[in-house]
Amino acid sequence: MASPSRRLQTKPVITCFKSVLLIYTFIFWITGVILLAVGIWGKVSLENYFSLLNEKATNVPFVLIGTGTVIILLGTFGCFATCRASAWMLKLYAMFLTLIFLVELVAAIVGFVFRHEIKNSFKSNYENALKEYNSTRDYRSEAVDKIQSTLHCCGVTNYRDWKGTNYYSETGFPKSCCKLEGCYPQRDADKVNEEGCFIKVMTTIESEMGVVAGISFGVACFQLIGIFLAYCLSRAITNNQYEIV
């Protein structure tokens, strides 16, 4: 057992660790809120793009939302554990932080490795969406219209891609291909955007997903600090049999 004088000397050290860990936990809780907001933003902003990928890709925003929610709950638990100066709760907090860090690391590696497959999947599904495009407004047709009108593009590589579709043979170009709002292009190529959507979509996805990846990577690295602080405080409390007065 540590002597009273030694415990008295370690009190400022433990108090310092507690203060720093409380500040960290609050910031960590805020990052959870940010990650939750990014997930909701990704669901709303990138929904049209995700709908033209495979079904697994549509779950990406929900993963971010779920991760943000878990971080908020974990941050609340970490704050409680730090205030109580409970060694076992702090060890549990560090363990959960480590687990989330590993999950985020694996997700980042998988996303990086399969990034080219995402591009190929989008191009293939976009081509199929054009072939099956119809005026009944199914979700794929709505996604095509939204992308073409938002990015001012037409077709996959260029506007000529529409000429091989059933919709074009019956109706002509869709209104979403129009250069100007309110025009009726029908078969008049002079009234439609000539540039294809694939390159524009990939540029948009890479830029916006870059924001998501950057925030996620920052949160993951930030967790290493929390793991270190929680472990150090837990060890100090255990070794010196610190008690709250």
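Predicted model: local features only at pLDDT ≥ 70, side-chain atom pairs only at ≥ 80, totals over all residues.

Colleague: How many disulfides does a search of the whole structure find?
Modeller: A disulfide is a covalent bond between the sulfur atoms of two cysteines. One is formed by Cys153 and Cys197, and another by Cys154 and Cys177. For the whole structure, the search gives a count of two.

Colleague: How many residues apart in sequence are the parts tied together by Cys153 and Cys197?
Modeller: The sulfur atoms of Cys153 and Cys197 are 2.1 Å apart, and the two residues form a disulfide. Cys153 belongs to the loop between helix 6 (139-151) and helix 7 (166-170), whereas Cys197 belongs to the loop between helix 7 and helix 8 (198-240), so the parts tied together have a sequence separation of 44 residues.

Colleague: Are Cys153 and Cys197 buried or exposed?
Modeller: The cut-off for a buried residue is under 20% relative accessible area. Cys153 has a relative accessible area of 0%, and for Cys197 the value is also 0%. Cys153 and Cys197 are therefore both buried.

Colleague: Is the disulfide of Cys154 and Cys177 right-handed or left-handed?
Modeller: Here the sulfur atoms lie 2.1 Å apart. Because the torsion about the S-S bond of Cys154 and Cys177 is about 80°, the disulfide is right-handed.

Colleague: Which cysteine has the sulfur nearest to that of Cys83?
Modeller: Both Cys154 and Cys177 are buried. Cys83, by contrast, is in no disulfide, and at 43% relative accessibility Cys83 counts as partly exposed. The nearest cysteine sulfur to Cys83 is 4.3 Å away and belongs to Cys79.

Colleague: What kind of aromatic pair do Tyr133 and Trp162 form?
Modeller: The structure holds five aromatic pairs. For Tyr133 and Trp162, the distance is 5.1 Å centre to centre and the angle between the planes is 90°. Planes over 60 degrees apart count as edge-to-face, and the pair of Tyr133 and Trp162 is edge-to-face.

Colleague: How many residues apart are Tyr133 and Trp162, which link distant parts of the chain?
Modeller: Tyr133 counts as buried at 8% relative accessibility, and Trp162 counts as buried at 0%. Tyr133 is in the loop between helix 5 and helix 6, and Trp162 is in the loop between helix 6 and helix 7; their separation is 29 residues.

Colleague: Over the face of which residue does Lys123 lie?
Modeller: A charge sits over a ring if NZ of Lys is within 6 Å of the ring centre and within 35 degrees of the ring normal. Lys123 is at 5.3 Å from the ring centre, and the residue whose face lies under Lys123 is Phe198.

Colleague: With which residues is Thr25 in contact, leaving aside its neighbours within four places in sequence?
Modeller: Thr25 is found in helix 1 (residues 4-45). At 1% relative accessibility, Thr25 counts as buried. The contacts of Thr25, apart from those neighbours, are Gly75, Gly78, Cys79, Thr82 and Tyr93.

Colleague: How far apart are the end C-alpha atoms of residues 21-42?
Modeller: The unreviewed UniProt entry lists residues 21-42 under "transmembrane region", and residues 62-80 are also among those listed. The chain is 100% helix and 0% strand over residues 21-42, with the end C-alpha atoms separated by 31 Å.

Methods:
Residues numbered from 1 in each chain as written. Heavy atoms only, no water. Helix = DSSP H or I, 4+ residues; strand = E, 2+ residues; numbered from the N terminus. Buried < 20%, exposed > 50% of the residue type's maximum accessible area, 1.4 Å probe, protein only. Contact = heavy atoms within 4.5 Å. UniProt positions renumbered as here; feature names shortened; annotations may be inferred. Disulfide = S-S within 2.5 Å. Phe/Tyr/Trp six-rings, centres within 6.5 Å; stacked < 30°, edge-to-face > 60°.
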